[in-house]
There are 2 protein chains.
Amino acid sequence: MSNKLPKRSEDFSLWYNELVKNAQLADNSGVRGCMVIKPYGFAIWELMKEQLDKMFKETGHQNAYFPIFVPKSLFEAEEKNAEGFAKECAVVTHYRLKTDPEDSSKLIVDPDAKLEEELIVRPTSEAIIWSTYKGWVQSYRDLPLLINQWANVVRWEMRTRLFLRTTEFLWQEGHTAHATKQEAIAEARQMHDVYETFTQDWMAMPVIKGYKSDSERFAGADDTFTIEALMQDGKALQAGTSHFLGQNFAKAFDVEFQTAEGKKEYVWGTSWGVSTRLIGGLIMTHSDDEGLVLPPKLAPYQVVIIPFLNKKKAEQNEMLIAKANEIRDELVQFGIRVQVDTDITKRPGFKFAEYELKGYPVRMVIGPRDLENDQVEIARRDTKEKSLQNIDGIGTHVNDLLNEIQDSLFNKAVSFRDTHTTEVTTFEEFKDILDTKGGFISAHWDGTEETEELIKDATKATIRCIPLDAKEVAGVCVFSGKPSKRRVLFAKAY
Amino acid sequence: MSNKLPKRSEDFSLWYNELVKNAQLADNSGVRGCMVIKPYGFAIWELMKEQLDKMFKETGHQNAYFPIFVPKSLFEAEEKNAEGFAKECAVVTHYRLKTDPEDSSKLIVDPDAKLEEELIVRPTSEAIIWSTYKGWVQSYRDLPLLINQWANVVRWEMRTRLFLRTTEFLWQEGHTAHATKQEAIAEARQMHDVYETFTQDWMAMPVIKGYKSDSERFAGADDTFTIEALMQDGKALQAGTSHFLGQNFAKAFDVEFQTAEGKKEYVWGTSWGVSTRLIGGLIMTHSDDEGLVLPPKLAPYQVVIIPFLNKKKAEQNEMLIAKANEIRDELVQFGIRVQVDTDITKRPGFKFAEYELKGYPVRMVIGPRDLENDQVEIARRDTKEKSLQNIDGIGTHVNDLLNEIQDSLFNKAVSFRDTHTTEVTTFEEFKDILDTKGGFISAHWDGTEETEELIKDATKATIRCIPLDAKEVAGVCVFSGKPSKRRVLFAKAY
């Protein structure tokens, strides 16, 4: 095996990077902080996108497309209620290059082609979209607007990591406008639920649903709902957010509507998004020291069939390949994504390692003796269990097995998450757990930004969320000793 | 009808713009030259994308994603063999904004955040992709690379028109690398064929296949294959191009591979793309003075069912709606995309105009008398023919009708194209036809860039292509009188 990975237990971060590269998911590019998503990584993104898009459409949303550039003045309008928004972004100042008069092999920015107003490459599209909605909304009859966009966005990140934090990334951003506050809140919560369903049922990645503290909330939002997942190194990953925007953007961009009663009111808004970061979460939730482990629902190929070929036995090879194709055809009938590997130039051992690295959920091997006995050897990627299986009824068997793997991965991740969620009562315990075990720490907090900040400075842990199901239980803050109403979840995070 | 359009015969250009806006396809944005693609327009793009993506995958291609930014130095490498490439592009020079120290409500570009090397928002991705391929290709075993990308690109256009020419647009760009010249040429021609199949069979838009003259060829290509369509105003539209790149980009970016015999050779390349411009072509090929006419295969909804509701007759309405839903369910079984319009607040006349404007291929109306007679009234958008149809067997009938409409639109467009393709022998005739009838002009040309340029200066017509099926027939150039080997196609173009 040429692509031996570092062990997770020794250097999780290096393991992750090497895995992303060796499994051909993505690579760094020549452009600072930007990644190249390679075909195998992109195929996972396509499966995610297809399912999410279906769920968005089933909940009444339509796709549209808005400009990549945001004029600087729109950010100024937004700034009024979003002081905290990051200003690290890509700024377009000119619209032409020209040949360098001093060296005709070089290009320079043409100083005569300076823009009157600078354009920002969208870090998110609230500003451009709400400035557009102004023209779309006059009356309550124009509402709700339920729109989603699949797009690339750019944030000038100082420290980048493939999928998890890159200067450019791909995402979807939903932007909705409503006549009433209740309807907007219901929408933000509905999309929060959609994200939970997707991450749990498709990615097999359990999440905690909650809302953000004031300091972690999106700058333009009244409430930010989040789903938080736990990675194998005990760090949390914010996997998706859904914002109830109140009337903040409507006021910033003057989006009013006439009610059925003839009154003028500001529109209520939401926005919600998930990104290629999810691929990072998928990897860090399930994969092991041999490589990627993919939940069947998001595996580009769910099964690889490897006939055991022998360079000296052409006739036997033909029969093996014919049988492999026959099995493939049966699996395809079940909607299973199958690859048959008939490359005779590579040894089986090499192939096994390669498909393990790439996380194919099921490997099926068929040799001459299997042909005689009408059976195949099946290996699960997740548990590495092998079994012999009769070819008769193979479609049903593999279909059931894939469902079992999907469930098993989810259950394993839930169990990891639960054993790495610790209730603490003292700050000593808090620090101790964080250093030794990691994971989510459930602790009382006095509700102040000051305490939150002091805990972060002391431990690097932040409040990941206030869980939606957190019970009101009186207690004392783990740090300040002041009264607290409920436990919140802390963790170090990506 | 509130959204009355100008007539095509009076002002084709105004008709086009109003149609795009009134039919809710797209709109200009606050960002110079960039459009907002509205949900209805984007739904057409999604249908196009879905089919093209399927065709790309069936021909062995995979999707990937490359950075939106191209460092300036990569353009310098490319410039060596692509002097002609436009330098009008969006240039990112800074990575941060900051609050204006003189006015805290304003943002300014932070002068301390100047990039060492400027980044260009991709106008096309050959440079960034070939600089990446350098790291992917060592041996003949790594070839071919058959990769496609769906992306947004930016070209700083001075005069823009919705869909047809915008600063930012959406497209796909295929970029392939091959071990041999023959294989690369075969790939470029294969994708040329794919584009022909798509535009003709799906868009019902006939195209002429040909290759470009030297002056119209993509700057980095050895050969540019094009499909050219004819719009209703007699102007041509370049609908898609497929480039055989020779070894030009391999040499510019030093992409070599080791052959099976152990020699080092430069890789052969192709690139090919179609864009949201196709939506403009779709509109200008089929639509009429009442609005959009969509070929069924690309219509977001192929059928609208309108029950004839009466505010005073609740019980009757219920029966009508139940029947409409029953018909819808039957049509859905045939894979037909159906909308049922039960909005009682709008008059039928208003609705008819609205669905005509939006180009729904089939309108079905069901009133109380129809219920009794077990029939519906069906109206075709393209011919405006109406007929009564028995509800029994409605699915088969509508399915056949949609196929008939698809074919009929194509045949009508072919007939228009053919009657607007004129062979001329003198330059007087050339100018006369161009002024009076427009369309394609088939004329002998001496093969020189000088003549091409002089004809363009005199008439604004350019060589759209040298048709692949052009016969070698000796003649004399329509302009210079010098010898010519074959006729080529001229037209004014978008």
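How many residues of chain B are in contact with chain A? In this predicted model, 49 residues of chain B are in contact with 49 residues of chain A, contact being C-beta atoms, placed from the backbone, within 7 Å. Strand 5 (residues 88-100) of chain B gives the largest share of the side that touches chain A, 11 residues; strands (E, at least two residues) are DSSP runs, numbered from the N terminus. By class, that side of chain B has 27 nonpolar, 10 polar and 12 charged residues. Ala, Val, Leu, Ile, Met, Phe, Trp, Tyr, Cys and Pro count as nonpolar, Asp, Glu, Lys and Arg as charged, and the others, Gly among them, as polar.

Strand pairs are listed below; two strands pair if DSSP finds at least two bridges between them.

| Strands | Sense | Bridges |
|---|---|---|
| Strand 5 of chain A, strand 5 of chain B | antiparallel | 5 bridges |
| Strand 16 (residues 303-307) of chain B, strand 18 of chain B | parallel | 5 bridges |
| Strand 18 of chain B, strand 19 (residues 375-380) of chain B | antiparallel | 4 bridges |

Between the chains, Val92(A) stands opposite Val92(B). Within chain B, Ile305(B) stands opposite Met364(B) in strand 18, and Val365(B) has Glu377(B) in strand 19 as its bridge partner. Strand 18 (residues 362-366) of chain B is largely enclosed by the rest of the structure because 4 of its 5 residues are buried, that is, 20 or more other C-beta atoms lie within 10 Å of their own.

Residues are numbered from 1 along each chain as its sequence is written, and chains are lettered from A and ligands numbered from 1 in the order in which they are written. Local features need pLDDT of at least 70 and side-chain atom pairs count only at pLDDT 80 or more, while totals for chains, interfaces and linings use all residues.

Conventions:
Contact = placed C-beta atoms within 7 Å. Buried ≥ 20, exposed ≤ 12 C-beta atoms within 10 Å, placed from the backbone.
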